[in-house]
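Hi everyone, thanks for coming.

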Amino acid sequence: MADILVLGAGMVGISSALALQERGHHVTVLDRREPGMETSYGNAGIIQAEAAEPYALPRDLATLTRYVLGLSNDVSWTLKGVVTQAPALIRYFHNSSPKRLTAIAQNYSQLISAACKDHAPLIEAVHADNLITRQGLWYMYRHERDLEKAALDLERMNHAYGVQSRVLDGQACRTEEPALTHTPAGAIHWQQSWSCSNPAQLTRQYAELFTQRGGTVATCQVQQLVKSTRGWRVLTSEGEFTSEYVVVALGPWSPALLKPLGYRISMVYKRGYHGHYKAPVPLQRPILDVDNGVVAATMSKGLRVSTGAALVSREDHANPQQLVRGVSGLSDLLEIGPRIKEPQWFGTRPCLPDMLPLVGPVPNHHGLFLNFGHGHQGFTLGPTTARILASSIDSRLSDLGAALSPASRL
């Protein structure tokens with residue numbers, strides 16, 4: 001049994017702590033905020049079993065032109081944001097070629113296919129079934145040509161990854177979703193995905209399970225990571241913590257912490273926003289409004305509308321233009337209701353250029369392990385990569401774990 005410090009109390013960090021604890025290790029989690037209060041708080045709450053392929057950058061000129069001219073609500077950007085992230089974006093674009101994306105998806109799809117299965121025992125253990133809906137996810141289309149194009153790709157997805165889906169016409173959508181006020185062209189129903197009405201609460205309940213089993217969660221600002229003769233020293237706002245092993249699971253904050261140790265980790269930082277609304281009729285399942293680039297999902301606080309990606313500087317103030325535009329477009333199909341007053345939330349999706357998370361030991365420092373870079377899928381993949389991480393610490397690395405290992409990618 002080893003002493004292990006896990007840095008980060010989001011879904012990925014807490015899941016890592018639970019997986020290591022299950023193997024008999026003594027684990028302490030450090031984070032500046034309580035569990036689940038950063039990016040894990042504000043996501044769309046979907047365990048995305050349909051996302052067998054990672055989100056690649058588009059390579060066709062028409063779509064890129066729409067992004068550049070601000071004609072699509074999927075992506076917004078600032079010049080500073082694009083310039084500062086240019087090296088990572090160029091590598092991301094290169095890896096988005098069909099050939100490279102197919103190779104990446106061979107590993108990525110294995111992660112995604114295990115997500116619901118890996119969450120299931122934790123959901124049961126914390127008695128959180130009241131937070132979970134197993135009704136899938138709709139990708140909703142307003143135009144027949146777009147629906148037909150999407151439907152053509154379903155056979156490939158089903159054959160390649162075993163993803164279960166069906167096509168609904170507009171009338172079927174109205175019949176199955178009472179919240180719709182107008183008839184769309186139709187929807188793709190991805191049937192295997194689960195949704196959570198309060199992702200922050202689920203993360204907190206996982207954290208409570210961890211502490212009930214003897215783990216410790218300490219609230220402090222992690223400031224520096226220092227190698228020592230006996231392992232690692234973590235300098236924080238509340239003093240120094242020491243351990244034999246350290247797991248860095250700080251999402252978008254991870255590269256800055258690792259840089260003084262000589263690791264230059266290129267990352268694309270995709271900012272996202274959400275807002276809550278007093279919709280009079282709850283949704284049966286989350287809906288991605290393809291035309292407006294937003295996801296609508298019924299949460300315990302109200303209807304949460306979440307945006308796509310904003311490529312901006314990390315220091316930029318909140319500018320929820322995508323949320324405003326998305327809600328305006330979405331209101332053509334749903335009665336959104338008035339917005340609930342709350343501080344404007346935004347968070348950052350930590351996307352690595354090769355679209356796979358870094359999971360496992362670093363090449364040059366004994367006892368230092370990574371588990372971050374999940375892009376859009378930290379909430380989905382937390383328990384899955386935690387299982388792979390725990391195996392790597394106990395030196396039982398699978399072929400999939402080897403594909404995610406920092407040793408082959410840093």
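One term before we start: a crossing is called left-handed if the near helix is turned anticlockwise from the far one by less than a right angle, and right-handed if it is turned clockwise. Please also keep in mind that this is a predicted model.

Now, with that term in hand, let's look at helix α1. It covers residues 11–22, and its axis comes within 9 Å of the axis of helix α10, residues 199–212, with the two crossing at roughly 25 degrees. Angles under 35 degrees count as roughly parallel, so α1 is roughly parallel to α10. As for the hand, α1 passes α10 in a left-handed crossing. Which residues make the contact? On the α1 side they are M11, I14, S15, A17, L18 and Q21, and α10 brings L202, T203, Y206, A207, L209 and F210. Sorted by class, the residues of this contact are nine nonpolar and three polar, with no charged ones.

From α1, the contact uses M11, V12, S15, S16, A19 and L20. From α13, it uses G378, F379, G382, P383, A386, R387, L389, A390 and I393. The classes here are ten nonpolar, four polar and one charged.

Let's move to the sheets. There is an open sheet of six strands, in the order β10-β2-β1-β14-β22-β21, and its pairing is mixed. At the edges sit β10 (216–219) and β21 (358–361), each pairing on one side only. From one strand to the next, the twist averages 20 degrees. At one end of that order, β2 and β10 pair in the parallel sense over four bridges, and T28 has T216 in β10 as its bridge partner. Our helix α13 comes back here: it packs on the sheet and touches β1 (3–7), β14 (245–248), β21 and β22 (368–372). Its direction makes about 170 degrees with that of β22.

There is also an open sheet of three strands, with the order β3-β9-β5 and antiparallel pairing. Its edge strands are β3 (46–47) and β5 (132–133), and each of them pairs on one side only. Two bridges join β3 to β9, which spans residues 194–196.

Where does E38 lie? You will find E38 in the loop between β2 (26–31) and α2 (39–42). Its side chain makes a polar contact with the side chain of R32, at 2.9 Å. Setting aside neighbours within four places in sequence, E38 is in contact with R32, R33, W253 and W345.

That's my tour, and I'm happy to take questions.

Key
Residues are numbered from 1 along each chain as its sequence is written. This is a predicted model: local features need pLDDT of at least 70, side-chain atom pairs count only at pLDDT 80 or more; totals for chains, interfaces and linings use all residues. Side-chain values use heavy atoms; hydrogens and water are left out. Two strands pair if DSSP finds at least two bridges between them. Axes are lines fitted to C-alpha atoms, for helices over the stretch in contact, and angles run from 0 to 180 degrees between N-to-C directions. Angles under 35 degrees count as roughly parallel, over 145 as roughly antiparallel, 65 to 115 as roughly perpendicular and the rest as oblique. Contact means heavy atoms within 4.5 Å. Ala, Val, Leu, Ile, Met, Phe, Trp, Tyr, Cys and Pro count as nonpolar, Asp, Glu, Lys and Arg as charged, and the others, Gly among them, as polar. A polar contact is a pair of N or O atoms within 3.5 Å; within protein, one must be able to donate a hydrogen and the other to accept it, and residues adjacent in sequence count only if both atoms are side-chain atoms.
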